Amino acid sequence: MPDSAAEGTADTVAAVGEFGLIRAVTANRTQPSTTLLGPGDDAAVVAAPDGRVVVSTDVLVHGVHFRLDWSTPEQVGHKAIAVNLADIAAMGAVPTSVVVGIACPADEKTATVTQLVDGMAAEADRARVGLVGGDMVRSDQLVISVTALGDLGGRPPVTRSGARPGDIVAVCGRLGWAAAGLAVLGRGFRSPVGVVNAQRFPEPPYAAGPAAAIAGATAMIDVSDGLLADLGHLAEESNVGIDVHTDLLDVDRKLTDVGTALGADPLHWVLTGGEDHALAATFPSYTDLPEGWVRIGTVLLPDTGITVDGKPYEHESGWEHWR
């Protein structure tokens, strides 16, 4: 092979090879005490103090869930872990570990994969969970699969089906920021950075899930597809209606500024924007909400649907694949 061609392929995953790549991304990684056996064997061993394990899986596809012309590989790695751990927190569990699968073309840059895993490891460290293993395979495009595990700490899981009429609806975390960031990126801009970064990598309030469970949350969900859409899933499972009060929603000034610049309604982002991965939950009306949780609505009788200030919302309520 000519020297120039050799130089062009030396930094690809094909040149490094599967096991060389695995060594590159697993070297010098630390693990929390819940990881009894980490990467390097046929399977990992993870402690399960509760005796039950909460499990969730998400798949992120290049061009659908992320774009490398919008985000760095490290930011994508953060996002891949965050969106999974948010589901664990939404069950009222404490995240403990993640297993990662990465599929990519043979000519993918090795640095792209190592930086991707750097971001995963950093988010895992932020959440105090172990990145305990996974798999790497060849494919036509970059695809990331993450399976997250969590521990309930002796508590029952907080499902979507426990809301009752008269409960209050509350949220913890940002709403509308990722949607605003997507709108900015879609127009070809890269600022304001705070809004754009909300789309690039969310920051779910992991500790808020277990805190809500301890406080007596009756139902809970990760806001991944949009507030109204996800409250709709919760309402359907609980056989209740929900009314969202817009005067209780926080529409940040930065969202208002972006909305003005783009000719968009920031309240629509807050109500329907996905990918912030805030948590929404219902609580008995007498509950003192945990720190960070803010009331935004009320649980109603069955067959009343999802309403906003007492009326049906006239626009799309959120994201749904294949539509």
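Student: How many helices and strands are in the chain?

Tutor: The chain has 11 helices and 13 strands. Keep in mind that this is a predicted model.

Student: How compact is the chain for its 323 residues?

Tutor: Compare the radius of gyration with the globule rule. The chain comes out at 21 Å, close to the 20 Å that the rule gives for 323 residues, so it is as compact as a globular protein of that length. The C-alpha atoms fill a box of roughly 70 × 50 × 30 Å along the principal axes.

Student: Which domains is the chain divided into?

Tutor: There are two entries to note. Domain 1 covers 18–23 + 34–151, and domain 2 covers 167–312. Their C-alpha centres lie 25 Å apart. In the contact, domain 1 takes part with 21 residues and domain 2 with 21 residues.

Student: What is the area buried between domain 1 and domain 2?

Tutor: The general idea comes first. Interface size is often given as the accessible area lost when the parts come together. Here the area buried between domain 1 and domain 2 is about 1700 Å². Carbon and sulfur atoms give 62% of that area.

Student: Which three residues supply more than any other three of the area that domain 1 buries against domain 2?

Tutor: They are Trp70, Lys79 and Ala90, which supply 35% of the area on the domain 1 side.

Student: How many salt bridges does the rule find across this interface?

Tutor: The rule finds one between domain 1 and domain 2. In a salt bridge, the side chains of Glu275 and Lys79 meet at 2.9 Å, N to O. Polar contacts are a separate count. Five residue pairs across the interface are in polar contact, both residues at pLDDT 80 or more.

Student: Which helices each supply at least two residues of the side of domain 1 that touches domain 2?

Tutor: Helix H4 (73–90) and helix H5 (110–127) do. H4 gives the most, with 10 residues. By class, that side of domain 1 has 11 nonpolar, five polar and five charged residues.

Student: Now the backbone. Where is Glu275 placed, and what is its phi?

Tutor: Glu275 sits in the loop between helix H11 (266–272) and strand S10 (278–283). Its phi is positive, about 75°, although Glu275 is not a glycine. Glu275 is also the salt-bridge partner of Lys79.

Student: Is the peptide bond from Ser191 to Pro192 cis or trans?

Tutor: The bond is cis, with omega near 5°. Pro192 lies in the loop between helix H6 (177–186) and helix H7 (193–200).

Technical notes: Residues numbered from 1 in each chain as written. Heavy atoms only, no water. Domains from an automatic or database assignment. Contact = heavy atoms within 4.5 Å. Buried area = accessible area lost by both parts, 1.4 Å probe. Salt bridge = Lys/Arg side-chain N within 4 Å of Asp/Glu carboxyl O. Polar contact = N/O pair within 3.5 Å; in protein donor to acceptor, adjacent residues only side chain to side chain. Helix = DSSP H or I, 4+ residues; strand = E, 2+ residues; numbered from the N terminus. Nonpolar A, V, L, I, M, F, W, Y, C, P; charged D, E, K, R; others polar. Rg over C-alpha atoms; globule rule 2.2 N^0.38 Å.
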